[in-house]
Amino acid sequence: MHLWISNSTYPPHLRFPVKSDAQVEEIRVCTNRTCRRQGSMQTLHTLTALAPPDISVKPCGCLGRCGAGPNVALLPHGQIVGHCGTAAGAAELTVGLWYGGGVGDASSKNKSKTSLDALALSMRAEALIGEADFCEAERLLSQALDLKPFGGIHIIYKQRSVARLAMHNYSGALEDATQSLKLAPNYAEAYMLQGDAFLAMNQYDAAQKSYSTCLQIDPSIRRSKSFKVPFAH
């Protein structure tokens, strides 16, 4: 995946611009003491939510340059982006790396705001799912999708599949899980939900196939309380 950003497009607060011909496979966010105080946990959460599904986002130890933190490393080439300590900054960086538009320009800011608004809705919906208010969660997640965010769409579809399963809207849950997988083909949780929907619709062979694929991608998910053990063979 090629970075479109040239050095000249970076505003001063992004101190260490990436190379325009680099490829990013993984993002690491410093969560050491200094960067954590400067807001790196928010950066980690935002990048995790908005980065493309094939990009791994992980916390890491000190990257140096502590006075310019929070620092983010773009791997495998190791370029460092500094002063990335707000959700807006993390979102703008994500826009710049993968979704087009100059970092800091009006277009990027608008894309960033839209996606952060959608992320806020999905977080509220996740809390509502935990409170068993599935109808309101579904409404908020539909609203988030209507915003057409640039990132995290596969997660929103997955969350709405959870809500719809709980509401016994099995065809809707299946549709959402399948849409999530179109966007993120290796998303184990979406395969699990797809299997749950098939199981609820008495499509046992299809359910077993989805669960088996889920386990191939992430064997540890077998320990999830929501995993259907009879189909884990």
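Is Gly39 buried or exposed, and what is its relative accessible area?

Reply: The model is a predicted one, and every value given here was computed from it. Gly39 is buried, since its relative accessible area is 19% and the term "buried" applies to anything under 20%. In the chain, this glycine occupies the loop between helix 1 (33-37) and helix 2 (40-50).

The next point concerns what surrounds Gly39. If neighbours within four places in sequence are left aside, Gly39 is in contact with Pro70 and Gly85. A further distance concerns Cys84: 45 residues separate Gly39 from Cys84 in sequence, while their C-alpha atoms are 8.2 Å apart in space.

Pro70 belongs to the loop between strand 2 (56-60) and strand 3 (72-75). The peptide bond that runs from Gly69 to Pro70 is cis, with omega near -5°. Another cis peptide bond joins Leu75 to Pro76, and there omega is about 15°. Pro76 is placed in the loop between strand 3 and strand 4 (79-81).

Arg65, in the loop between strand 2 and strand 3, has a positive phi of about 55° although it is not a glycine. Its relative accessibility is 45%, so Arg65 counts as partly exposed. His83 lies in the loop between strand 4 and helix 3 (87-99). His83 also is not a glycine, and it has a positive phi of about 55°. With a relative accessibility of 29%, His83 counts as partly exposed.

Ala118, in helix 4 (residues 106-130), is buried, with a relative accessible area of 1%. Not counting residues up to four places away in sequence, Ala118 touches Ala144, Leu147, Pro149 and Ile156. For Pro149, the separation from Ala118 is 31 residues in sequence and 6.4 Å in space, C-alpha to C-alpha.

Two of the residues touched by Ala118, namely Ala144 and Ile156, also take part in the meeting of helix 5 with helix 6. Two packed helices are described by the angle between their axes and the distance between the axes. The axes of helix 5 (residues 134-146) and helix 6 (residues 153-166) come within 9 Å and cross at roughly 155°. Because angles over 145 degrees count as roughly antiparallel, helix 5 is roughly antiparallel to helix 6. Their crossing is left-handed. On the side of helix 5, the meeting residues include Phe134, Glu138, Leu141 and Ala144; on the side of helix 6, they include Ile153, Ile156, Arg160 and Arg164. The residues of this contact divide into 9 nonpolar, 2 polar and 3 charged.

Charged residues at this contact also form salt bridges. Glu138 and Arg164 meet through their side chains in a salt bridge, at 2.8 Å from N to O. This pair links distant parts of the chain, with Glu138 in helix 5 and Arg164 in helix 6, 26 residues apart. Glu138 is buried at 16% relative accessibility, and Arg164 is buried at 13%. A network of salt bridges links Glu138, Arg160, Arg164 and Asp176.

The side chains of Lys158 and Glu189 meet in a salt bridge of 3.2 Å, N to O. Lys158 is in helix 6 and Glu189 is in helix 8 (residues 188-200), 31 residues apart. Lys158 is buried, with a relative accessible area of 15%, whereas Glu189 is partly exposed, at 35%. By the rule applied here, the salt bridges come to 8.

Helix 8 in turn meets helix 7. The axes of helix 7 (residues 170-183) and helix 8 come within 8 Å and cross at roughly 155°, an angle that makes helix 7 roughly antiparallel to helix 8. This crossing, too, is left-handed. Among the residues that meet are Tyr170, Leu174 and Leu181 in helix 7, with Tyr191, Leu193 and Phe198 in helix 8. The residues of this contact divide into 11 nonpolar, 3 polar and no charged.

Definitions and conventions
Residues are numbered from 1 along each chain as its sequence is written. This is a predicted model: local features need pLDDT of at least 70, side-chain atom pairs count only at pLDDT 80 or more; totals for chains, interfaces and linings use all residues. Side-chain values use heavy atoms; hydrogens and water are left out. Axes are lines fitted to C-alpha atoms, for helices over the stretch in contact, and angles run from 0 to 180 degrees between N-to-C directions. Helices (H or I, at least four residues) and strands (E, at least two) are DSSP runs, numbered from the N terminus. Angles under 35 degrees count as roughly parallel, over 145 as roughly antiparallel, 65 to 115 as roughly perpendicular and the rest as oblique. A crossing is left-handed if the near helix is turned anticlockwise from the far one by less than a right angle, and right-handed if clockwise. Contact means heavy atoms within 4.5 Å. Ala, Val, Leu, Ile, Met, Phe, Trp, Tyr, Cys and Pro count as nonpolar, Asp, Glu, Lys and Arg as charged, and the others, Gly among them, as polar. A salt bridge is a side-chain nitrogen of Lys or Arg within 4 Å of a carboxyl oxygen of Asp or Glu. Buried means under 20% relative accessible area, exposed over 50%, partly exposed in between (1.4 Å probe, protein chains only).
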